[in-house]
Amino acid sequence: MAQLAAVPGLNSLTGIDARLAAIAKLEMLSEEMEALEARRKSNAVLKRAVRAWQKGELVRAGQLALEATEEDADNAKAYHVLAMALSRMGHQHKALVTYERAFALDPEDPELLINLGLAAWNLKLTAGAAKMFQLYIGACPDSPLGYNNLGSVQSDMGDVDTAIETLRAAIYRMPGESVLWNALATVLAENGRVEESLVFYNEAIRLDANFSRLYHNIGYAYSHLGRLDEALESYNESLACALDPQEQMESRHSRAICLIGMGRIAEGFAEFEIRNDQRFRAYVHHMTKAPLWKGEDLDGKRILIVAEQGLGDEFMFANILPDLQDAVGADGKLDIAVDPRLIPLFQRSFPEADVGQYEDRTLLDKDGNKSLRFIPFSVDKSEPDYWAPMATPLQFYRKALGDFPRKAFLVPDPARVAAYRAQLESFGPGPKVGICWRSMMLGAKRAKYYSALDAWGPILKVPGVTFVNLQYGDCADELARAAELHGVTIRTIDGLDLKNDIDGAAALSAALDLVLSAPTAAAATAASIGAEVWFLTAGRTWPQLGTDEYPWYRKTTVFSPEKFGAWEELIPRVGEALAAFAKTAG
């Protein structure tokens, strides 16, 4: 007789479930083993990435870190290293996204908060950066890094008082941390309180005598105070302590500027060539196959000279162009690449040269961001024999102060000069004085170099002087306020765009009796065409080359206060000098 199969009871059902659960667990274990194997492989690659980073091989480190993420897509540390490499190579947006991925995988890693904040800061997302640093402080209240970065970014945001309080409170909590004293000193220095900053820098040095960046920063402070011997000593100390190649180059560059400012120009201009090192932070890759000129004979050769840095420097370094025009001789050729606004003025001044514009672009490649400068007008017709940034020839032609000819080297449009002179005469008798009081780029850190027009009363109230506006950009509100505060009308030339019509600005400057200006492009324009220019500076500047003038130009005088940025002392002194000038000019 056939037997019926037993009806499954609770125990047998449980047995079936247990077997299925066991199979599921085995499957999970298998997946865990696979994950562990993936993490093992990923970490093995990541170790190689870290070793490459330690050797300074950033591109290789980034490539290996990327490979580590491919081995294990959940390895937060691999994304962390990849983001660090991307940031150092200039891919700031990609770095930020990668840091965010790492943080999503490991939100308990506080170091990611610091680096996320730094990535945001690099992208000028200052509010986001401040938030990350605040979160880091919450996670690591006894670490100085969060306070250091938070105070610094608050200063960048223009909230200087809050920045100082953040850092001061951190110092009370951790008085032995050199990095915090350095940060507080730097906030003070960058906001015009340079003398005060020295107290905090010196305490930071006492706490850590091997802090390279600290010596660089105190060198910066001494430079602004005109204490260049002490600045040079600090830059030398920074170089002696620096282990990071980037820090070494930054210190060498600052040291070169210091030497030039001291009047040790042969040594300084030679050291200044560090800016042409491809590893330098501000290096610009020029798109030409021609070799960099290193002092070879130029007779009969064609050389391309490319303007560099800001518009004011394009004028100042153009001091060297007459020497180069002579050097190529009748059978050679000088090509000059400048800001397109300068082409008419430079072509008139050097009729035998070819003058054209450069074009700037940014390339993103496997090595990071590259700043590129194209010079199609020159290289498209054929590659020159040599090329050089405009300041490079200084090391060969300006070895001593006596090598500066102190004469005009640019030629304004004579017809426009005559027209402006006639217009200025219609304003009435007395000297016509052009004024420019600030740069257009006036962020929180740059404001300390300029005096507001509101403070120019002792100058603007000098009797018998007609003031003419040379301030480029929108300044209508400032001119109106000056009229209200000081009871003076600063004349403007209708139809002249002082920002874009540089040839017109040069012609107007030539028609004036005197120019008073902060160290701006307007001052450089006027000085280069031979106008008399008085520079009003917050302190001693490196283009003075250790003198009381700007030797690059025909006739200049520098007025600077005894104490950095003490405009209340300087402006009345300039007013007195202007009153004396007006009497003799009249």
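Two strands count as paired if DSSP finds at least two bridges between them, and strands (E, at least two residues) and helices (H or I, at least four) are DSSP runs numbered from the N terminus. With that in hand, select Cys436: its bridge partner in β10 is Ser517. Now show β8 (residues 432-436) and β10 (residues 514-517), which run parallel and are joined by four bridges.

A word on the model: it is predicted, with local features needing pLDDT of at least 70, side-chain atom pairs pLDDT 80 or more, and totals for chains, interfaces and linings using all residues. Residues are numbered from 1 along each chain as its sequence is written, and side-chain values use heavy atoms, leaving out hydrogens and water.

Next, widen the view to the open, parallel sheet of five strands, ordered β9-β8-β10-β11-β12. β9 (466-469) and β12 (555-559) are at the edges with a single partner strand each, so one side of each has no neighbour in the sheet.

Now select Phe269 and Trp552. Rings of Phe, Tyr and Trp (its six-membered ring) pair if their centres lie within 6.5 Å; planes under 30 degrees apart are stacked, over 60 edge-to-face, the rest tilted. Here the centres are 6.2 Å apart and the planes at 70°, so the pair is edge-to-face. Phe269 belongs to helix α14 (residues 265-271) and Trp552 to the loop between β11 and β12, 283 residues apart.

Last stop: Trp534 and Phe581, another edge-to-face pair, 5.8 Å centre to centre with 75° between the planes. Trp534 is in strand β11 and Phe581 in helix α25, so the pair ties together parts 47 residues apart in sequence.
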